[in-house]
Amino acid sequence: MQPIRVAVLAFDRVSLFHLSVPGVVLGTAQAAPGEPRYEINYCAERPGTVSSDQGIGLSVNAGLELMETSDVIIIPAWGDQSAVASAPLMKALQRADAQGKLLVGLCLGAFVLADAGLLDGKEATTHWAARSEFARRFPKVRYRPEDLYVIAGNIVTSAGTVAAIDCCLHLVRQRFGAEVANRTAKMLVTPPHRQGGQAQYVEHPVPQLSSETHFSDVLAWARTNLADDLSLDVLASMAKMSRRTFTRRFKESTGTTVSKWVSAERVARAQALLETTELPIECIAGQVGFGTSVSLRQQFGAQLGTSPTDYRKNFCLEIRPKS
């Protein structure tokens, strides 16, 4: 299998963190040791030395023509969201969009895609701190401020900073399945699928939980006992907290509700079982805690935009029909 070719745009004052995230995450994704899934390259409007926000000069040899031969184009956090993207850059992105290439705007990179008119009529997100300006400048975009990343056809946008990692892990999961994405996340020592919104980044620091609550232990237990009753009452009792305190701290720590988190974990486990076993869908639904195949299909549709059957066809490559 040929690696997927990725072009990452570099520009003066580019965020060194955002510029490196695609290479770190996508470059780590492997089917097996020594079998890279992605080929990462960098381009700039004017090849040569590009400065970073950390004062480090970067040598970029390729120009925008790299986008023509790439499958995925990633725009890191735009240095100044008030600066409109240049005409050559917008034209290059418009050509790539017309060719159906996957376009990704990390953080403020969404401004560049919106400048090119590629987000009109579509859902998108960006860093919460720029939400007012984004909504004002791009009224035709259906802004989703509470999402870590948003998929709109061939265009993906992400929220601020660390959400770039979530977004790139999603790209791996979408193309190669949960097993490869989970293995990549494990290598990076990061959660494989962080469900929820940006609320925890907007106003409130995440509080330190007392050691007596064993909050992380409760979540770890829940992940390994998905078929059990994982109601708010059960988890709060295990954490030795009241319902109200547990709900508040769960939201502060995960950015989502208990029910949404549990559903996301169950879907992730179902993905792994669909990829690696021949278990009937009804059996998988029971093992992950959805109870019925109807509930599993509903959650798959809501979270992944596909059905368990289609997901298995796309990603369970090792399963062969029984003779």
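How many aromatic pairs does a search of the whole structure find? I ran that search on this predicted model, and it returned 9 aromatic pairs.

**Entry 1: an aromatic pair between two helices**

I began with the rings of F111 and F134. Their centres are 5.1 Å apart and their planes stand at 80 degrees, so I recorded the pair as edge-to-face; planes over 60 degrees apart count as such. I then looked up where the two residues sit. F111 belongs to helix α3 and F134 to helix α4, which covers residues 131-137, so the pair ties together parts that are 23 residues apart in sequence.

I finally asked which residues form one aromatic cluster. The cluster consists of F111, F134, F138 and Y143.

I turned to helix α2, which runs over residues 87-98 and has 12 residues. From its first C-alpha to its last I found a reach of 16 Å, close to the 16 Å expected at 1.5 Å a residue.

Which residues of α2 are buried? I listed L89, M90, A92, L93 and A96. Around the axis they cover an arc of only 160 degrees, which puts them on the same side of α2. On the other side of the helix I found K91 and A98 exposed.

I then looked up what covers the buried residues of α2. The covering elements include the strands β1 (4-9), β5 (72-75) and β6 (102-105), and also helix α3 (109-115). Helix α3 is also where F111 of the first entry lies.

After α2 comes G100, and I noted that its phi is positive, near 75 degrees.

My last entry concerns two strands. In which sense do β3 and β4 pair? I found that β3, residues 48-51, and β4, residues 57-60, pair in the antiparallel sense, over 4 bridges. Within this pairing, V50 stands opposite L58 of β4.

The two strands form a hairpin, and 5 residues lie between them. In the turn I noted G55, whose phi is positive at about 80 degrees.

Technical notes:
Residues are numbered from 1 along each chain as its sequence is written. This is a predicted model: local features need pLDDT of at least 70, side-chain atom pairs count only at pLDDT 80 or more; totals for chains, interfaces and linings use all residues. Side-chain values use heavy atoms; hydrogens and water are left out. Two strands pair if DSSP finds at least two bridges between them. The expected span of a helix is 1.5 Å times one less than its number of residues. Buried means under 20% relative accessible area, exposed over 50%, partly exposed in between (1.4 Å probe, protein chains only). The arc is that of the directions from the helix axis to the C-beta atoms. Contact means heavy atoms within 4.5 Å. Rings of Phe, Tyr and Trp (its six-membered ring) pair if their centres lie within 6.5 Å; planes under 30 degrees apart count as stacked, over 60 as edge-to-face and the rest as tilted.
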